[in-house]
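Me: I have a protein open here and have never looked at it before. Can you walk me through it?

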Amino acid sequence: MQNLLRHTSVAVLSGLLFWLFWISRPTWSWDMRLWKAFGDASFLLLFFTLIIGPLVRIWPPIAKIMPWRKYLGIWFGLIAIIHGFLVWDGWARWDILRLLGYEFVPQLGRVARMEPGFGLSNIIGLIALVLTFVLMATSTDWALKYLGKSWKWLHYSAHIIFYLSAIHAAYFLYMHYTVSFHKNVPPPDWFRIPFLILVGIVFLLQWIAFVKTVRSRRTKIK
């Protein structure tokens, strides 16, 4: 029952985040609006997942929120997978070359790379998604018992996923849609500044928790 309640709560949160991102971009085309809303919602869920650990280290009395990290991580993975599928189906159209930024140009009569950096960004996002699959597959109680201490080591890769996702998102927020883009350029995404703040918060909390842990251990040694 507790698992069900927590899954339901995070599912509602996920739906709310998706809806907020969806309504925040009414002028965008519906398809781009759709996969971007899923992508941004998954990024926020990953943000919530990663700040729990450092917050608990910094302020131990809130340790009771630690179990929520598992559910937030699972729903991040589910939403991220939907985002990835929508991009693959709607943007790349099941074409590896399109996913890597190549398109057929009638004027040239051949396939050409249209957006430098687009393919690399998508490869980075794909690597993050593969790592997400691994974490989701090992998020069960059975996996925890089977892997033992190795489970914790494996799940440290959530930080790698976050920074890979941040690089992937930063490309589309700051580089992809520029005046050199060969199509109509949409207005700047409002999520640019909040995105930087979120990345900065994760980085800052991790360092504060790291410094506190080092000081605590040095105090015990003395």
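This is a predicted model: local features need pLDDT of at least 70, side-chain atom pairs count only at pLDDT 80 or more; totals for chains, interfaces and linings use all residues.

Me: Fine. What is the secondary structure made of?

Reply: The protein has nine helices and two strands. Starting at the N terminus, the order of elements is α-α-α-α-β-β-α-α-α-α-α.

Me: What does the C-alpha trace span along its principal axes?

Reply: The C-alpha trace covers about 70 × 40 × 35 Å along those axes.

Me: And how much of the protein is buried?

Reply: Of the 222 residues, 40% are buried. The accessible surface is about 13600 Å², and carbon and sulfur atoms account for 71% of that surface.

Me: What share of the contacts joins residues 24 or more positions apart?

Reply: Among contacts with a separation of 6 or more, the share is 61%.

Me: OK, the core. Which residues touch the most other members of the largest nonpolar core?

Reply: Phe-43, Phe-47, Trp-91, Phe-162 and Phe-195 do, in a core of 50 residues. At least two core residues come from each of the helices H1 (2-23), H2 (30-58), H3 (68-91), H5 (118-137), H8 (157-174) and H9 (192-221).

Me: Which helix gives the most to this core?

Reply: H2, with 14 residues.

Me: Back to Trp-91. What is Trp-91 in contact with, beyond its neighbours in sequence?

Reply: Leaving out residues within four places in sequence, Trp-91 contacts Trp-35, Leu-86, Arg-98, Phe-118, Phe-172, His-176 and Tyr-177. Trp-91 is also one of the buried residues of H3.

Me: Tell me about H3, then. What does its buried side pack against?

Reply: The buried residues of H3 pack against H1, H2, H4, H5 and H8. Among those buried residues are Tyr-71, Ile-74, Phe-76, His-83 and Leu-86. H3 has 24 residues and runs 33 Å from its first C-alpha to its last, close to the 34 Å expected at 1.5 Å a residue.

Me: What comes after H3?

Reply: Arg-93 follows H3, and its phi is positive, near 55 degrees.

Me: New topic. How many aromatic pairs are there?

Reply: The count is 20 aromatic pairs. One of them is Phe-18 with Phe-38, a tilted pair with 4.4 Å centre to centre and 35 degrees between the planes.

Me: Which parts does that pair tie together?

Reply: Phe-18 is in helix H1 and Phe-38 is in helix H2, so the pair ties together parts that are 20 residues apart in sequence. Phe-38 is buried, with a relative accessible area of 15%.

Me: What about Trp-190 and Phe-191, how are their rings arranged?

Reply: Their ring centres are 5.5 Å apart and their planes stand at 70 degrees, so this pair is edge-to-face. An angle over 60 degrees is what counts as edge-to-face.

Me: Is Phe-191 buried or exposed?

Reply: Phe-191 is buried, at 3% relative accessibility. Trp-190 is partly exposed, with a relative accessible area of 42%.

Me: Which aromatic cluster are they in?

Reply: They belong to one made of Phe-21, Phe-43, Phe-162, Tyr-163, Trp-190, Phe-191 and Phe-195.

Me: Which rings have an Arg over them?

Reply: Trp-68 has Arg-6 over its face, at 5.6 Å from the ring centre. Trp-28 has the charged end of Arg-25 over its ring, 4.9 Å from the centre.

Me: Last one. Where is Leu-97, and what does Leu-97 touch?

Reply: Leu-97 is in helix H4, residues 96-99. Not counting residues up to four places away in sequence, Leu-97 touches Tyr-102 and Val-111. At 41% relative accessibility, Leu-97 is partly exposed.

Technical notes
Residues are numbered from 1 along each chain as its sequence is written. Side-chain values use heavy atoms; hydrogens and water are left out. A nonpolar core is a set of buried Ala, Val, Leu, Ile, Met, Phe, Trp, Tyr and Cys residues joined through side-chain atoms within 4.5 Å. Buried means under 20% relative accessible area, exposed over 50%, partly exposed in between (1.4 Å probe, protein chains only). Helices (H or I, at least four residues) and strands (E, at least two) are DSSP runs, numbered from the N terminus. Contact means heavy atoms within 4.5 Å. Rings of Phe, Tyr and Trp (its six-membered ring) pair if their centres lie within 6.5 Å; planes under 30 degrees apart count as stacked, over 60 as edge-to-face and the rest as tilted. A charge sits over a ring if NZ of Lys or CZ of Arg is within 6 Å of the ring centre and within 35 degrees of the ring normal. Accessible areas come from the Shrake-Rupley method with a 1.4 Å probe; for residues, only the protein chains shown count as cover. The expected span of a helix is 1.5 Å times one less than its number of residues.
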